[in-house]
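Welcome, and please open your viewer. We will go through a few selections together, one stop at a time.

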Amino acid sequence: MIPIIAIGAAYGTAKAGIGIAGAGTFRPELIMKSLLPVVMAGIIAVYGLVISVLICGSMDPNKPYSLFTGFIHLGSGLTVGLAGLGAGYSIGIVGDAFVRAYVQQTRLFVTMVLMLIFAEVLGLYGLIVGLILNTKATSDC
């Protein structure tokens, strides 16, 4: 799950970073505000870390690990990972496009923030479902 979500966060960071580098040559004073997509892509990776710690914390070597619990943990990790992959991909594309547009028209900053929030929420939805699944695994065993 961590590698899947890390791919999404890395893609979002790289794609938005390309836009920032291109925009920074024209208007260097806007670089700091343009870093928002990179920060938001990094937050996506934290979601994978959270679910990984929770899954590992629920494992006990002294207790039996049932097949049901294994599949629930797999589903929980895949839910967070694939949702994060999609969120990172969308943050990268939206961040790249809006950073380039923000250089041309600074009034687009609020619109950029809103679009990035909507893209970030996709990963948050995956985290919520993953947490619910992980709760089922710990309560039913």
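**A short tour**

UniProt, in an unreviewed entry, places the feature "transmembrane region" at residues 35-55, 67-89 and 109-133; its positions follow the numbering used here, feature names are shortened, and annotations may be inferred rather than shown by experiment. This is a predicted model, where local features need pLDDT of at least 70 and side-chain atom pairs pLDDT 80 or more, while totals for chains, interfaces and linings use all residues. Residues are numbered from 1 along each chain as its sequence is written, and side-chain values use heavy atoms, without hydrogens and water.

Select residues 67-89: the span is 100% helix and 0% strand, with its end C-alpha atoms 32 Å apart. (Helices are DSSP runs of H or I with at least four residues, strands runs of E with at least two, numbered from the N terminus.)

Next, look for ring pairs; the whole structure has two aromatic pairs. Rings of Phe, Tyr and Trp (its six-membered ring) pair with centres within 6.5 Å; planes under 30 degrees apart are stacked, over 60 edge-to-face, the rest tilted. Tyrosine 11 and tyrosine 89 are stacked, at 4.8 Å centre to centre and 20 degrees between the planes. This pair joins helix α1 (residues 2-24) to helix α4, 78 residues apart. Then select tyrosine 102 and phenylalanine 109: their ring centres are 5.5 Å apart and their planes at 50 degrees, so this pair is tilted.
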